[in-house]
Amino acid sequence: NRAYRCLHSHCIDFDSNAFLQWVSDQGGPKHAPGLREELLAFAMDQALSKLTPNEAYPDDASAVIAEVERKELGRVEKAQWYERFAYIQDDESYFDMQDRRELSRNTFNALFRHIKCISIHSTGKSARRVEASVCYDENRQAAGARALVGITYAAGESVLVSKDGLVYGNRWRNSRPAPVACDVSRWLRHAERMLPIEFEREHLLNVLAHKIQYPGHKINHAVLLGGKPGSGKDSLFAPFFWAIGGAAKLNCAVVKNDDLTSQWGYGLECEVMEIAELRQAEARDRRALENHLKPIIAAPPEYLPINRKGLHPYMALNRVLVVAFSNERVAISLPSDDRRWFVAWAEAGRLPEAEAVALWNWYLHRGGFAGVAAWLAARDVSAFNPSAPPPLTEAKAIMIDAGMSTAESVLTEMLR
């Protein structure tokens, strides 16, 4: 900045800025002092042109930027509205058939306020401007856009679902990542460590594989895996949740016991409901919890009500698989004739830290998640019946006995 600074006291303010401005005033080129942006851009462009993506260093940034720009609703052109959005009669809103979500009228207007919309009912020379939603409504019929009765959540179905001759928008979207086959013996060894009894392990693997392969099927029982804290229960199921919804666990809902009795149904908008720690201290509470879970675990009912704040409730197809974990032997009270729970107990101790680190390093950095997803997707489940009652296990028998009342225990002992 001192390149053209005068050192005489009477013109101490004559610096590079003043000199370049003087050059410009005299008809010369106009430049700013310091590093020239165009030279920097040219140099960077030359350097980047010599860098070509390869397998070791892929150009992930370009793919991410392109995906973000594609999904940015504000970039959708007016001509694309009628193919991408559908009007929802129940909620006076709009359904994005690509992202599978609802947009209120106010949100639709805000997103497309930069687009000039003229009413088709303008007369004479006065062109009356209208909001984007009004423009959509006026042109919907002529453009062939859809008007839906409402929405639903129907795993395994397409974006539009028909029921009783009426059409609904489906909020479910298949979010299964692409599986990549690899050696999954590390995960299978962990599964055998947690469930050494073969029929228990095989049944669990069939449940997981069937859910991944057939999202539209209802598995008519829940899975409860109990065991000591830190034994590796979450680590066993982590690849399954990844296979359903990727790293973000889309279409999976993690709920607490208190959430199950909430009036809101957000936890039911899922393929897999995970109850992180199933437990109730009092026997009466355990029985109440079991009764509350009955309509979720098994169908019928074929539909579950989804209550939402500030919006109309809707009915979701009951295709939820409930997966629960617990550190308690008697996490829930089950009747002796229960047909809704597959219960397994892992006797394994705490997973050594070195093994846990190695397992998760394989999951995250060496293709373990994608490999297990591929293995489950290819597993033969043709003999598995998702509607059949689960097999009786020792852990379930213990849970049934422990959940009996005093009178039930006495009668059971007399019959034995």
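**Close-up 1. N251 lies in the loop between α9 and β9 (252–255).** N251 is not a glycine, yet has a positive phi of about 65°. Its relative accessible area is 14%, so N251 is buried (under 20% relative accessible area, 1.4 Å probe, protein chains only). Helices (H or I, at least four residues) and strands (E, at least two) are DSSP runs, numbered from the N terminus. The model is predicted: local features need pLDDT of at least 70, side-chain atom pairs count only at pLDDT 80 or more, and totals for chains, interfaces and linings use all residues. Residues are numbered from 1 along each chain as its sequence is written, and side-chain values use heavy atoms, without hydrogens and water.

**Close-up 2. R100 sits in the loop between β2 (93–96) and β3 (101–104).** Not a glycine, R100 has a positive phi of about 60°. R100 counts as buried, at 14% relative accessibility.

Close-up 3. A cis bond joins A299 and P300, with omega about 5°. The bond from P300 to P301 is also cis, with omega near 10°.

**Close-up 4. Helix α9 (residues 233–245) packs with helix α13 (residues 368–378).** Their angle is about 80° and their axes are 9 Å apart (lines fitted to C-alpha atoms over the stretch in contact; angles run from 0 to 180 degrees between N-to-C directions). The two helices are therefore roughly perpendicular (65 to 115 degrees). A238, P239, W242 and A243 of α9 contact F369, A370, V372 and A373 of α13 (heavy atoms within 4.5 Å).

Key
Angles under 35 degrees count as roughly parallel, over 145 as roughly antiparallel, 65 to 115 as roughly perpendicular and the rest as oblique. Buried means under 20% relative accessible area, exposed over 50%, partly exposed in between (1.4 Å probe, protein chains only).
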